[in-house]
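Thanks, everyone. Please have a look at the structure first.

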Amino acid sequence: MSDKDNKGSMTVAEAGRKGGETVRNERGREFYETIGRKGGATVKAERGRSFYEEIGRKGGETVKAERGAKFYEEIGKKGGDRVKATRGPNFYEEIGRKGGQKVKKLIEEGKRAARAAMAAPQEGGAQEGNAPPAASSGETAGPGQNE
């Protein structure tokens, strides 16, 4: 068979795969990583972060529908086991401690902000002269008050 007879026998997918392999062999895997990062940055600039959130949610729903929620449990366990094998069990203790410290800090900040918010109206009211009048000693007691 001549080259002319083979024309059209390759599918588009096969041609794309072959071309991609050629580029990878010539330029290296890093080339694809670089252009992927650039493309992602461009899409983020044009469409915003919410675009990625939306397509990620849709993709997750599709995978869940096809494979079930159990699939996520399995891949989560595999990932956790992999991290434990590469970083050791102390890694989880360390990140747990850091996370706990962060939560503690956020709670303290929230309490401080709440106290400040509660104190602000009281201080502002007294400064503006909106404080309730003080009872004089000559007033009579109202119903239910001690005389």
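Arg-57 has a relative accessibility of 39%, so this residue counts as partly exposed. Before I go on, please keep in mind that this is a predicted model.

Which residue does Arg-57 form a salt bridge with? The partner is Glu-61, and the closest N and O atoms of the two are 2.6 Å apart. Both residues belong to helix H4, and because they are four residues apart there, about one helical turn separates them. Glu-61 is partly exposed as well, since its relative accessibility is 45%. In general, side chains of opposite charge can pair when their charged atoms come close.

That bridge is part of something wider. Glu-54, Arg-57, Lys-58 and Glu-61 are connected by salt bridges into a network.

Is Arg-49 buried or exposed? Arg-49 counts as exposed, because its relative accessibility is 60%. Glu-53 reaches 47%, so that residue counts as partly exposed; the cut-off for exposed is over 50%.

How many salt bridges are there in the whole structure? The search finds eight. Glu-94 forms a salt bridge with Lys-98, and the closest N and O atoms are 3.3 Å apart. These two sit in helix H6, residues 90–127, and because they are four residues apart, about one helical turn lies between them. Glu-94 is partly exposed, at 36% relative accessibility.

Now the rings. Searching the whole structure gives four aromatic pairs. Among them is Phe-51 with Tyr-52: the ring centres are 5.6 Å apart and the planes stand at 70°, so this pair is edge-to-face. Why edge-to-face? Because planes over 60 degrees apart are classed that way. The other pair I want to show is Phe-91 with Tyr-92, which is also edge-to-face, at 5.7 Å centre to centre and 70° between the planes.

As for accessibility, Phe-51 comes out at 23% and counts as partly exposed. Tyr-52 is partly exposed too, with a relative accessible area of 35%. For Tyr-92 the relative accessible area is 36%, again partly exposed.

Rings also turn up next to charges. Arg-27 lies over the face of Phe-31, at 4.6 Å from the ring centre. Where does the charged end of Arg-67 sit? It sits over the ring of Phe-71, 4.5 Å from the centre of that ring.

Let me step back to the chain as a whole. How many helices and strands does it have? There are six helices and zero strands. Reading from the N terminus, the order of elements is α-α-α-α-α-α. Out of 147 residues, 4% count as buried. The accessible surface of the chain is about 13,100 Å², and 53% of that belongs to carbon and sulfur atoms.

Helix H3 runs over residues 29–47, has 19 residues, and reaches 27 Å from first C-alpha to last, close to the 27 Å expected at 1.5 Å a residue. Just after H3 comes Gly-48, with a positive phi of about 90°.

Helix H5 covers residues 69–87. Its 19 residues, at 1.5 Å each, should span 27 Å, and because its end C-alpha atoms are 27 Å apart, the two values agree. After H5 comes Gly-88, and its phi is positive, near 90°.

To close, back to where I started.

Key
Residues numbered from 1 in each chain as written. Predicted model: local features only at pLDDT ≥ 70, side-chain atom pairs only at ≥ 80, totals over all residues. Heavy atoms only, no water. Phe/Tyr/Trp six-rings, centres within 6.5 Å; stacked < 30°, edge-to-face > 60°. Buried < 20%, exposed > 50% of the residue type's maximum accessible area, 1.4 Å probe, protein only. Lys NZ or Arg CZ within 6 Å of the ring centre and 35° of its normal. Salt bridge = Lys/Arg side-chain N within 4 Å of Asp/Glu carboxyl O. Areas by Shrake-Rupley, 256 points an atom, 1.4 Å probe, with all protein chains shown as cover. Expected span 1.5 Å × (residues − 1).
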